[in-house]
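Good morning, and thank you for coming. Please look at the sequence and the model on the screen while I speak.

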Amino acid sequence: MAHGHTHSHGPAAPVSLHLRKVIAAVLIPFATAVLVGLAVLWPGGTPAHERTGVGFDRQTEQGKVVSVEYVDCKDVNAAQVPPTGDTTTPQGREAVNAQQGQCAKATIEVTTGNDKGRTFIEIVQPDAPRQLREGQGVVVAYAPDAPRDLQYSVTDVNRKLPMVLLAGIFALAVVLVGRLRGLMALIALAVSFLVLTFFILPAILQGSNPLVVAVVGSSAIMLIALYMCHGLSARTSVAVLGTLISLLLIGLLGSLFIGWASLTGNTDDNTGLIHGLYPDIDMSGLLLAGVIIGSLGVLDDVTVTQTSAVWELHQADPRMGPRALYRAGIRIGRDHIASVVNTLVLAYAGAALPLLLLFSIAQSSVGTVANSELVAEEIVRTLVGSIGLVASVPVTTALAALVVSADRPGPSESRPARGGRRRRAK
């Protein structure tokens, strides 16, 4: 997703009216096409479906732990120890643990919904990763078809307070450091989430082509975020063009290699549930849409920084031609490439760390791990996104060098002298 960062590059020097017209002639049709795409593909909301009660597709309510009592596990567990007493298997160890130690017998009160005030019992095993404590907020799942005593169960804890507090600290830090630009970055971030929530996700669920939806939605996010954070200027417009070209390259490469590698996009319980609920969704197209959206957030950082670098070089030495500007800008871009690609690879590796641990436990070879669809998806996602990021540096630098070098103010258009003050006519 696109993000508005708070690099402070200073105000851009004004460009000639002719150059502004050329840039507008390119960007206005593009922005118009994005608006038309939004209007044509705009969904009427998320399509309704009958809940399956599986995974995230469950009816949930809020609850609270009223009391916790510790009892012998033998008294509350129906599991039996294997007759042989064999604990070398996971099933045997679980059965033994279920009969030993003190289990928590928690009384849970439902605090929202039609059954508000209703209580039920939840048994927590001593080796369970999540233990309950009195007064703790929890999320409970409701299964209407189950027997009354088994209709409710605890599925998670309520962690809204720490999440909201952390988001507040983040917003405060961004505004304190970035000031007005930081505030605009937060607004752009909120708009990005709105586009994702009210356009991209419902449109995909409604059956629209995920690739087309991702391109239109990402373009809308890009236009809003970049212009909102960096102002309506020629410099920002060049960054928009560089980002657009890089996104198209990512889309083409992603489509080619996702198809060539036979990646289905249906690799875990969550994607399987989505495909089961909405069988018309193109799951490989959904994977490609994720690659495009995931790359957008880093792309705008690279393109804006490269464009600003070229602009500042030109202001420092207006005699530099496009070739000299490109060479100087690309030297800056090489450092940016190294840090950004490393960041992207580590981000994907961190997200897939539990999966990589499982392969390490199984002592699988690198070739076997890379060939599995779960890991192959992340490899394709990472490499395609990284190629787009690498390509964005020379593309954006070349565009910026050509644009800023072609700027020739007319006689009626004056430009501030270096230092920010206009020279007085003698």
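Aspartate 115 and arginine 118 form a salt bridge, and their closest N and O atoms are 3.3 Å apart. A salt bridge here is a side-chain nitrogen of Lys or Arg within 4 Å of a carboxyl oxygen of Asp or Glu. In general, side chains of opposite charge can pair when their charged atoms come close.

This is a predicted model, in which local features need pLDDT of at least 70 and side-chain atom pairs count only at pLDDT 80 or more, while totals for chains, interfaces and linings use all residues. Residues are numbered from 1 along each chain as its sequence is written, and side-chain values use heavy atoms, with hydrogens and water left out.

How exposed are the two partners? Buried means under 20% relative accessible area, exposed means over 50%, and partly exposed lies in between, with a 1.4 Å probe and protein chains only. Aspartate 115 has a relative accessible area of 23%, so it is partly exposed. Arginine 118, at 13%, counts as buried.

The structure holds six salt bridges. Another of them joins arginine 235 to glutamate 312, with the closest N and O atoms 3.5 Å apart. This pair links distant parts of the chain, because arginine 235 is in helix H6 (residues 234-260) and glutamate 312 is in helix H8 (residues 283-316), 77 residues apart. Helices (H or I, at least four residues) and strands (E, at least two) are DSSP runs, numbered from the N terminus. Arginine 235 is buried at 8% relative accessibility, whereas glutamate 312 is partly exposed at 34%.

Arginine 319 and aspartate 317 also meet in a salt bridge, at 3.2 Å from N to O. Here arginine 319 counts as exposed, at 78% relative accessibility, and aspartate 317 is partly exposed, at 24%. Finally, Arg130, Asp156 and Arg159 are linked in a network of salt bridges.

I turn now to the aromatic rings. How many aromatic pairs does a search of the whole structure find? The search finds four. Rings of Phe, Tyr and Trp (its six-membered ring) pair if their centres lie within 6.5 Å; planes under 30 degrees apart count as stacked, over 60 as edge-to-face and the rest as tilted. The rings of tryptophan 42 and phenylalanine 199 have centres 5.6 Å apart and planes at 20°, so this pair is stacked. Tryptophan 42 lies in the loop between helix H1 (17-41) and strand E1 (59-72), and phenylalanine 199 lies in helix H4 (residues 160-205), so the pair ties together parts that are 157 residues apart in sequence. Tryptophan 42 is partly exposed at 48% relative accessibility, while phenylalanine 199 is buried at 0%. Elsewhere, Phe120, Tyr142 and Tyr152 form one aromatic cluster.

Let me close with the chain as a whole. The protein chain has twelve helices and five strands. Of its 426 residues, 38% count as buried. A contact means heavy atoms within 4.5 Å. Among contacts in the protein chain with a separation of 6 or more, 72% come from residues 24 or more positions apart.
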